[in-house]
Amino acid sequence: MQNYVKSNDNLFIDNGVLKIQPIYKRNTGSDGVTQEFSSAKIMTKNNFPFTFNSRITVCFKVPSGTGFWPAIWMLPFDEVTWPSGGEIDLMEAKGRIDPIDGDEGQKNIISSAVHFGTQWPDNRYISNRYYSSIGNDFQNYFHSVTLIFLEDKIDFYMNNEFDPYLTIRPSDVPLNQYDYPFNREYYLILNVAVGGNFDNGRVRTEDFCSDSICSNHEDPDTKRFQIDWIEYENIN
């Protein structure tokens, strides 16, 4: 339900922290499509490639409210038909706090995934959730997600823990039905979508900022996707 716009209202650095802020304000994008929200997407496409035999860590805090869909993810640096080149989702989260219609609340949950296939609609994926401890949720505290990106193996870790909560190998079902796509260069994407099928289209407009300073909320940072730091190193 958002247009991604190039505006300091939606993407800025404050006290050394990168912040992405969706705003509930009707706008028309560069493609002529009118949406009810504006937001931002920042990426390293055509700028900086991430490749296998590396470690990528992102320290983040997610916004709070029904309809927020923050993500840290990667797509192939070369132009290749999606999803045949693979997609790596380091972190996706739902801003919703309270359970709805029997579905659990989301403040202690993030998920990670990889996508693969031939071409749309042949999109397959493998995913897993990570649950933080009670009182140490993703909306009020910074956490770090780490991708250990090796040839023929991908591991996802949370907060420098020793055991990965998701491991991907070419032999995994149903990935073993396809050519393994992940031994290539990728670019990194940070964004906040609004609505969408990740939380079954749920959106509560009053949870979002109404202007650039988020004057309708006492603590604007609770409505922003915050990135404290990103670390990347080769581990050859």
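Is Cys214 buried or exposed? Cys214 is buried, with a relative accessible area of 0%; buried means under 20% relative accessible area, exposed over 50%, and partly exposed in between, for a 1.4 Å probe and protein chains only. The model is a predicted one, in which local features need pLDDT of at least 70, side-chain atom pairs count only at pLDDT 80 or more, and totals for chains, interfaces and linings use all residues. Residues are numbered from 1 along each chain as its sequence is written, and side-chain values use heavy atoms, with hydrogens and water left out.

Backbone geometry is taken up next. Most residues other than glycine have a negative phi, and most peptide bonds are trans. Cys214 is not a glycine, yet its phi is positive, at about 55°. Cys214 sits in the loop between β15 and β16. Strands (E, at least two residues) and helices (H or I, at least four) are DSSP runs, numbered from the N terminus. Asn53 also has a positive phi, near 65°. Its loop runs between β6 (41-43) and β7. Asn53 is partly exposed, with a relative accessible area of 24%. Two cis peptide bonds can be described. One joins Trp82 and Pro83, with omega about 0°. Pro83 is placed in the loop between β8 and β9. Another joins Val173 and Pro174, again with omega about 0°. Pro174 belongs to the loop between β14 and β15.

The loop between β14 (166-168) and β15 (186-194) also holds Tyr178. Beyond residues up to four places away in sequence, Tyr178 touches Phe116, Gly117, Thr118, Asp122 and Arg124. Contact means heavy atoms within 4.5 Å. Thr118 is 60 residues from Tyr178 along the chain, and their C-alpha atoms are 8.1 Å apart. The side chains of Tyr178 and Asp122 make a polar contact of 2.9 Å. A polar contact is a pair of N or O atoms within 3.5 Å; within protein, one must be able to donate a hydrogen and the other to accept it, and residues adjacent in sequence count only if both atoms are side-chain atoms.

Ser64 is another loop residue, between β7 (54-61) and β8. Ser64 counts as buried because its relative accessibility is 11%. Residues up to four places away aside, Ser64 touches Gly95, Ile97, Gln139, Asp207, Thr222 and Lys223.

Strand pairing was examined around β3. Two strands pair if DSSP finds at least two bridges between them. β2 (residues 11-14) and β3 are antiparallel, with 4 bridges. Asp14 stands opposite Val17 of β3. The two strands form a hairpin with 2 residues between them, and Asn15 in the turn has a positive phi of about 55°. β3 is also joined to β16 (residues 225-234) by 3 bridges, in the antiparallel sense. Here Leu18 has Ile227 as its bridge partner. Both faces of β3 (residues 17-20) are covered. Val17 and Lys19 are buried on one side, Leu18 and Ile20 on the other.

A pocket is an open set of points with protein on both sides within 12 Å along at least five of seven lines; a cavity is a set where a 1.4 Å probe fits but cannot get out; lining residues have an atom within 4 Å of a point. Grid points are joined across faces, edges and corners, and a volume is the space filled by probe spheres set on the points.

The largest pocket has a volume of about 720 Å³. It is lined by 30 residues, of which Trp69, Glu92, His115, Asn197 and Phe198 are the closest to its centre. At least two lining residues come from each of β8 (68-76), β9 (87-92), β10 (109-117), β11 (123-131) and β15. β10 gives the most, with 6 residues. The lining comprises 14 nonpolar, 11 polar and 5 charged residues. Ala, Val, Leu, Ile, Met, Phe, Trp, Tyr, Cys and Pro count as nonpolar, Asp, Glu, Lys and Arg as charged, and the others, Gly among them, as polar.

The second largest pocket has a volume of about 200 Å³. Its lining consists of Tyr4, Val5, Lys6, Ser7, Leu11, Ala40, Lys41 and Met43. Of these, 5 are nonpolar, 1 is polar and 2 are charged.

The count of cavities of 30 Å³ or more is 1. The largest cavity holds about 50 Å³ of space. Its lining includes Trp69, Lys94, Arg96, Phe198, Asp199 and Arg202. That lining divides into 3 nonpolar, 5 polar and 4 charged residues.
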